[in-house]
Amino acid sequence: MESLKELRNPELVRRMAEAVRRTKAPPATLMEVCGTHTVAIARHGLREVLPDGVRLISGPGCPVCVTPQEQIDRFVALGRLDRVTLATFGDMMRVPGSERSLEQARAEGVDVRVSYSPMEAVAAAARLPEREVVFFGIGFETTAPAVALAVLEARRRGMGNFSVLCAHKLIPPAMLALLTSEVRVDGFICPGHVSVIIGSDAYRLVAERGKPCVVAGFEPADILRAIQLLLRQIAEGRSEVESAYARAVRPTGNARAQELLARVFEIVEARWRGLGEIPQSGLALREEFAALDAARRFEVAVPTAPEPAGCRCGDVLRGAMDPPQCPLFGAACTPATPLGACMVSSEGACQAHYRYRRGQAVL
Amino acid sequence: MPAGQVANLPYHGPEGQRTMMRNERVLLAHGDGGQMMADLIAGVFVSRLGTAEPAGDDAARLAAGRLAFTTDAFVVDPIFFPGGDIGRLAVCGTVNDLATAGARPLAISASFILEEGLRISDLKQIVDSMAQAAEEADARVITGDTKVVPRGKADLIYIATSGVGEVLKGVSVSGANAQPGDVVLLSGPVGDHGLAVLSRREGLEFESEIVTDCAPLGRMVQELLEAVRRVHAMRDPTRGGLAAALNEIARQSQVEIEIIEAQVPVRPAVAAACELLGLDPLYAASEGRMIVIVKAQDAEAALSALRAHPLGREAAQIGRVQEHHAGRVLLRTALGTHRILDRHVGEQMPRIC
């Protein structure tokens, strides 16, 4: 905690902000792909310290936001089955499905419980042998290992009443997919926690396609450092992978976590809200774990339903639109009356922009 | 669109009804002291029952401002938590609501809704806590009621209270009285209660145990008022935390409040727990802290009076009241940037990543 305190020294942060502001850089658009970065940047007003001509946009870094509507509908539908208890991370509760959010479904009698971890859901299944506990597997490479552990544990204990609706996604394939979109990105701030798992080397494929990648931690000083390194690369015409989070991220990542993932999951094509189908970008439970795979275990009918009229979450997630540019932003769509996932999720770009919107400087 | 489904169209009605349109049922979020609860109160209760003066305060005034009257209900889960229980909470919460009006407690009532199966030994422990808290507060529980419902129809015990207090002479404290130029004080670190309850409920253990700050503030407030009679506004930051309480005052008084983030006291253990859980201490509940708003020239005297009392030892100045944008709360961050501090919407929920 000591070093964290030093890193948070307001004087240090102010000096770094100054340094970034004074960096000589050509006009550039930088993209972050991590919900925690989205929030940290908005919260500390880091956009205000960017040099002229440099833009910072949000990408598909919010795992809740990129979960397509039909996955939520599927999970709600599972909850309506006899004896099913749904378990989910709290962040999913308010995301609107086509008809209901989990929060609304709970008010109607669906048994939904918020879990802080997938192991908690396993424990709940052990305590409630008469219920079928289904855990919503949302999250990127950071969360998936914990879910893998929970699956293995459930199997070890011979539990017949626990399963996972797996909707995990992988970040690097999404970054590659973005390179072929019409959105201009000149460099990526790479996620912190995800990189702890997958390692900074995972972004080589992106750098090889001409886009600098710098891994950042979550303190304002970390993010400022990463921005500085990116701008320097752009000015010097380099595109490499660098890390400004060496205290937590190794080039090869966490081997044990990666083994866990490989053991339990296979890589499949996945649908991302806003980006469509991306090959090799999602995780599904391996065949041997079919009994713990809610998608295979239960039959539910899920209607295909359109997104709410006017909702531009997809464009926001691709970086094609800044939240304030969405016509619904701040009017029909606010944290109190959200229409789309980006406004509901605590790591959504729209909510971050709204909650941390600038007051006029009063000094 | 299927019949019966509420249209997802912009609704430009009075603010109090916006969140209501999308919900046909009461949600847990309606009870968390944030925006949704405020909308429910405005849209369902106040619109039908009216409101006493001063509108929006925690305690109503009666008898030409000489008496304060408040009511509360306690449904905390779990009923026993580090440093306290539902009984202590019930008495302190009621006393503190009266204190926000500058009133000393004259009498408290307590109604108990008991679930069949509640251990009598637990009930005794809870009532002992109430007696203890009442003594600390120089208050008396003089009347009550008891109901028992079948197993499963109440969560062990709910307590509903009301309190009558006598407003100190010459005192006129209300959330509507904050004025530009005033200074915002806070009697101590925030968030201890919310995190203590959360940690016990979820079975989370932190290296340093987080204990509730639940305490009766009546005497501390009396001493404050003796030192500074013209306190303008007071509010205790309970559900919804500091953010909710400040927004209420800003709206009631039609002023802007600026808070300096670095000056808001938060215990390191609470800050660390919040970070771990993805919570913001500015939204975490306290049950033994008071926001005090006074004229700038009275700030020093007020701080001294607070700090002289054991419950106000860590009192600090956290911000000021100004004019620019009525009803808004601004936060100045450590970087010197400003952002708007809204009331929270929905339950506080942990991150996933």
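**Figure 1. Helix α9 of chain B and its buried residues.** Along helix α9 (residues 299-307) of chain B, the buried residues are B:A302, B:L303, B:A305 and B:L306. These residues span an arc of only 165 degrees around the axis, so they sit on the same side of α9(B). The arc is that of the directions from the helix axis to the C-beta atoms. "Buried" means that 20 or more other C-beta atoms lie within 10 Å of a residue's own; "exposed" means 12 or fewer, and "partly exposed" is in between, with C-beta atoms placed from the backbone. What do the buried residues of α9(B) pack against? They pack against β8 (183-186), α6 (218-227), β11 (291-294) and β12 (316-322) of chain B. Helices (H or I, at least four residues) and strands (E, at least two) are DSSP runs, numbered from the N terminus. The model is predicted: local features need pLDDT of at least 70, side-chain atom pairs count only at pLDDT 80 or more, and totals for chains, interfaces and linings use all residues. Residues are numbered from 1 along each chain as its sequence is written, while chains are lettered from A and ligands numbered from 1 in the order in which they are written.

**Figure 2. The seven-stranded sheet of chain B.** Here's an open sheet with mixed pairing, in the order β9-β11-β8-β12-β10-β13-β14 (chain B). Two strands pair if DSSP finds at least two bridges between them. At the edges stand β9 (233-235) and β14 (338-340) of chain B, each with a single partner strand, so one side of each has no neighbour in the sheet. On average, neighbouring strands of this sheet are turned by 25 degrees against each other, direction ignored. Zoom in on strand β10 (residues 256-260) of chain B, which runs parallel to strand β13 (residues 329-332) of chain B and is joined to it by four bridges. Opposite B:I257 you'll find B:V329 in β13(B). Helix α9(B) lies across β8, β11 and β12 of chain B, running at about 5 degrees to β8(B). Axes are lines fitted to C-alpha atoms, for helices over the stretch in contact, and angles run from 0 to 180 degrees between N-to-C directions; contact means that the C-beta atoms of two residues, placed from the backbone, lie within 7 Å.

**Figure 3. The four-stranded sheet of chain A.** This open sheet has parallel pairing and the order β4-β3-β5-β6 (chain A). Its edges are β4 (112-114) and β6 (162-166) of chain A, each with a single partner strand, so one side of each is left without a neighbour in the sheet. From one strand to the next, the twist averages 25 degrees. Strand β5 (residues 132-137) of chain A pairs with β6(A) in the parallel sense over five bridges. Which residue of β6(A) is the bridge partner of A:V134? That would be A:S163. Helix α6 (residues 118-127) of chain A packs on the sheet and touches β3, β4, β5 and β6 of chain A, with its direction making about 170 degrees with that of β5(A).

Figure 4. Most residues other than glycine have a negative phi, and most peptide bonds are trans. A:R83 isn't a glycine, but has a positive phi of about 65 degrees. You'll find A:R83 in the loop between α4 (69-79) and β3 (84-88) of chain A. Is A:R83 buried or exposed? A:R83 is exposed, with 11 other C-beta atoms within 10 Å. Over in chain B, B:L156 has a positive phi too, near 70 degrees. B:L156 sits in the loop between β6 (141-149) and β7 (157-167) of chain B, and is partly exposed, with 19 other C-beta atoms within 10 Å. Then there's the cis peptide bond between B:D77 and B:P78, with omega about 10 degrees. B:P78 is in the loop between β2 (67-74) and β3 (80-81) of chain B.

**Figure 5. A:C326 and its surroundings.** A:C326 lies in the loop between α14 (313-318) and α15 (341-344) of chain A. A:C326 is buried, with 25 other C-beta atoms within 10 Å. Leaving aside neighbours within four places in sequence, A:C326 is in contact with A:R312, A:V316 and A:M321. From A:C326 to A:D315 it's 11 residues in sequence and 9.0 Å in space, C-alpha to C-alpha.
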